[in-house]
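Student: Please show me the model. I would like to go through its contacts and its surface with you.

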Amino acid sequence: IFQGADVLEVGPGSGHNSLFIASRMPARYVLVEPNPVAVRDIKDLYDLLDRPHTAPELYEQTLEDFASEDLFDIAICEGWLGSEPEERALLVKLSRMVKVGGVLVVTLISPLGLVANTLRKALCLRISPPTDDLQSRLERALPAFSPHLSTLVHMSRSHRDWMCDMVLNP
């Protein structure tokens with residue numbers, strides 16, 4: 001399905017899942033990721049990838065800011081965050097980037113996981129004020145959350161990337 005296709009992925013995080021798609025040789029592979037830690041991780045992953053693949057076009061920006069004249073055969077967004085009016089508008093924007101007959105894949109965060117992450121965000125506000133820069137917030141929050149994150153044996157993302165995406169970003 002990916003070979004020869006034009007693929008857009010929004011919010012690929014650290015990029016681990018994107019390696020599979022890139023190895024399927026899409027004609028074009030666009031990644032839109034606003035998290036600077038994740039962008040660095042994606043670049044590092046692809047620098048080390050030693051198999052044939054389509055090099056992704058990486059845009060360090062939000063879906064809100066991303067614009068493309070081109071339409072895509074496949075658009076992917078894992079871990080969609082919500083159903084507020086602005087979120088629904090973004091989902092409509094994403095769907096309009098898909099060619100007629102194309103595929104839009106969106107997965108959602110489970111309500112139980114959302115509750116846990118909301119509690120983590122609340123705790124993080126006590127540890128690391130949102131008025132500080134991202135790097136300072138990460139340095140304060142990581143020692144508090146890393147012991148727990150280390151118990152998650154199948155976690156594929158770095159703690160820094162996960163903290164940026166799930167706890168520190170709005």
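Tutor: A salt bridge here is a side-chain nitrogen of Lys or Arg within 4 Å of a carboxyl oxygen of Asp or Glu. This is a predicted model, where local features need pLDDT of at least 70, side-chain atom pairs count only at pLDDT 80 or more, and totals for chains, interfaces and linings use all residues. Residues are numbered from 1 along each chain as its sequence is written, and side-chain values use heavy atoms, with hydrogens and water left out.

Student: Which residues are linked in a network of salt bridges?

Tutor: Side chains of opposite charge can pair when their charged atoms come close. Here such salt bridges join into a network. Its linked residues are Asp6, Asp73 and Lys99.

Student: How many residues apart are Arg28 and Asp70?

Tutor: Their side chains meet in a salt bridge at 2.8 Å, N to O. The pair links distant parts of the chain. Arg28 is in strand E2 (residues 28-32), and Asp70 is in the loop between strand E3 (57-59) and E4; strands (E, at least two residues) and helices (H or I, at least four) are DSSP runs, numbered from the N terminus. The separation is 42 residues.

Student: Which helices does the pair Glu139 and Arg160 link?

Tutor: The side chains of Glu139 and Arg160 form a salt bridge at 3.1 Å, N to O. The pair links distant parts of the chain, 21 residues apart. Glu139 belongs to H5 (residues 134-149) and Arg160 to H6 (residues 159-168). The helices are H5 and H6.

Student: Is Cys124 buried or exposed?

Tutor: Buried means under 20% relative accessible area, exposed over 50%, partly exposed in between (1.4 Å probe, protein chains only). Cys124 has 1% relative accessibility. Therefore Cys124 counts as buried.

Student: How many disulfides does the structure hold?

Tutor: A disulfide is a covalent bond between the sulfur atoms of two cysteines. The cut-off is a pair of cysteine sulfur atoms within 2.5 Å. The number of disulfides in the structure is zero.

Student: Which strands do the buried residues of H3 pack against?

Tutor: In H3 (residues 85-95), the residues Glu87, Leu90 and Leu94 are buried. They cover an arc of only 60° around the axis, taken from the directions from the helix axis to the C-beta atoms, so they are on the same side of H3. With contact meaning heavy atoms within 4.5 Å, the strands they pack against are E1 (6-10), E4 (72-80) and E5.
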